[in-house]
Amino acid sequence: MVQRIGALALAAGKGTRMKSDAPKVLKTLLGKPMLWYVEAALAAVCGDLVYTVVGHRADSVAAAFPELAGRFVRQTEQLGTGHALAAALPALGEAGLDHVLVVNGDAPLVTAESLRAFCDAALAARADVAFVSIELADPGYYGRVVRQGETVCIVEAKDYDPAVHGAPTGEINAGVYLLRLAVVAPLLAKLSNDNKSGEYYITDLIGLGQAAGLRVLPVNRGADAAYLGINSPRELVGAEEILRRRIVDAHIDAGVVVRAAEAVRIGPEVAIAPGVEVCGPLELYGATRLGAGATVASHSLLLDAEIGENVAIAAFCHLENARVEAGCQVGPYARLRPGAVMEEGARVGNFVEMKKSVLGRGAKANHLTYLGDAEIGAGSNIGAGTITCNYDGVHKHRTVIGERAFIGSNTALVAPVTIGNDALVGAGSVITSDVADGMLALGRGRQVTKARK
Ligand code: UD1
Ligand code: CA
């Protein structure tokens with residue numbers, strides 16, 4: 001019989017050990033919230049049958065995942081992981097699930113492959129209650145798996161008593177469970193909060209299940225780091241490092257040359273064409289795309305940047321929400337802010353800043369320039385020190401420059417202003433009125449040279 005399997009991410013907790021007011025599951029790794037990774041793995045296994053329990057700062061968590069709208073469950077008081085599951089029961093029942101795969105929302109290293117293998121093992125064994133256990137040198141704060149003869153249960157670290165439970169073995173509970181709802185739902189009413197934390201533990205379902213004669217199956221994954229939970233800043237940066245290496249390695253295996261790879265940070269949604277060469281230290285985040293033949297030198301940061309084929313980005317560049325078309329050259333020390341577009345073969349050099357501006361095909365702004373709310377036609381040359389004065393203190397205004405225009409060095413273009421095709425602006429000008437096609441404009445005092453007294 002085909003089983004209908006849905007998933008539940010537990011994300012209502014406060015994350016006290018993070019020592020931060022922000023919800024723990026929104027803390028980011030490589031630019032994406034912790035919960036994003038969990039949701040991505042669960043969606044790969046269960047499609048859109050993924051539900052998420054939210055509670056602490058529920059609105060901000062829900063707002064961070066608009067694609068999950070309609071599949072959030074509220075746990076108004078955070079009374080423990082067992083209580084969180086109970087809060088989700090009505091939604092899970094309505095979805096007509098046979099099994100639910102429950103995963104802690106603070107375990108961003110889980111992979112779809114690993115979760116699938118776990119579900120397969122649990123279903124093959126016809127388990128009613130299955131959970132993943134892993135081996136750690138130090139069981140730390142994790143729930144410990146206690147096997148005594150035929151029985152198995154999970155004892156939380158705070159409640160662990162070596163006199164009763166024996167010396168800890170290092171086998172711990174990973175926080176991933178596959179539960180057959182029809183038989184597990186009735187057990188939820190039997191959970192008690194009579195423990196050191198005063199919480200209803202989902203982990204008590206293992207002992208209760210055994211007592212009720214259900215098939216309980218621990219699936220031991222050895223020393224698999226993919227299940228580590230994140231509870232503190234130290235664990236956050238530790239997990240981020242594991243994830244970072246995983247992603248960088250995948251790009252190298254796919255044909256990207258990553259030099260100084262130990263200092264390269266790449267977000268999970270970044271796409272890089274095979275053959276691209278990059279060098280650390282470097283950060284690539286968001287929906288950044290690097291086309292074939294592109295190179296990115298060290299000390300650069302790209303966020304949501306679209307980089308075309310054969311683009312060369314020199315060292316120390318900062319690009320956000322920018323599009324750089326094929327064959328462009330950028331930097332060193334260039335800053336492309338949101339809305340910056342460099343059309344094919346354009347060049348931007350050192351200490352040039354662009355914002356909401358288009359630099360046309362083959363146009364150049366090679367030194368010390370600010371281009372804001374500007375449109376520059378193909379083949380134009382923007383001299384060193386040119387500034388578009390786009391802000392009058394209240395409003396932003398546009399500067400439009402035609403094709404093949406030449407703007408002399410140290411020019412201030414006071415917007416709104418239009419410079420025509422083939423126009424020439426003399427160096428040091430302050431341009432406050434439009435310049436027609438092919439004209440020469442000089443907006444500066446004439447030099448006087450006199451004999452010295
Ligand atoms: C939990 C397990 C522990 C396991 C560890 C693995 C319990 C009781 N213990 O401990 O056995 O080794 O995970 O990482 O489950 N949450 C809610 N509502 C709540 C409380 C928590 O949604 O009322 C969510 C949290 O947001 C978090 C997850 O459940 O994502 C786990 O809670 P957490 O407090 O981190 O549990 P641990 O102490 O780490
Ligand atoms: Ca945890």
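This is a predicted model: local features need pLDDT of at least 70, side-chain atom pairs count only at pLDDT 80 or more; totals for chains, interfaces and linings use all residues.
**Exercise 1.** Determine how the rings of W36 and Y37 are arranged, and whether the two residues are buried or exposed.

*Solution.* A search of the whole structure finds three aromatic pairs. For W36 and Y37, the ring centres are 5.1 Å apart. Centres within 6.5 Å qualify as a pair. The planes stand at 90°, so this pair is edge-to-face, given that angles over 60 degrees are classed in this way. Next, accessibility is considered: the limit for buried is under 20% relative accessible area. W36, at 18%, is buried, and Y37, at 7%, is buried.

**Exercise 2.** Classify the pair of F316 and Y333, and state which parts of the chain the pair ties together.

*Solution.* The centres of the F316 and Y333 rings are separated by 4.9 Å, with 5° between the planes, and the pair is stacked. F316 belongs to the loop between β21 (312–313) and β22 (318–320), whereas Y333 belongs to the loop between β24 (329–330) and β25 (334–336); the pair therefore ties together parts 17 residues apart in sequence. As to accessibility, F316 has a relative accessible area of 37% and is partly exposed. Y333, at 38%, is also partly exposed. Finally, F316 and Y333 form one aromatic cluster with F351.

**Exercise 3.** Identify the rings over which the charged ends of R17 and K396 sit.

*Solution.* For R17, the charged end sits over the ring of Y141, at 5.3 Å from the ring centre. For K396, the ring is that of Y391, and the charged end lies 5.4 Å from its centre. The distance limit for such a contact is within 6 Å of the ring centre.

Definitions and conventions. Residues are numbered from 1 along each chain as its sequence is written. Chains are lettered from A and ligands numbered from 1 in the order in which they are written. Side-chain values use heavy atoms; hydrogens and water are left out. Rings of Phe, Tyr and Trp (its six-membered ring) pair if their centres lie within 6.5 Å; planes under 30 degrees apart count as stacked, over 60 as edge-to-face and the rest as tilted. Buried means under 20% relative accessible area, exposed over 50%, partly exposed in between (1.4 Å probe, protein chains only). Helices (H or I, at least four residues) and strands (E, at least two) are DSSP runs, numbered from the N terminus. A charge sits over a ring if NZ of Lys or CZ of Arg is within 6 Å of the ring centre and within 35 degrees of the ring normal.
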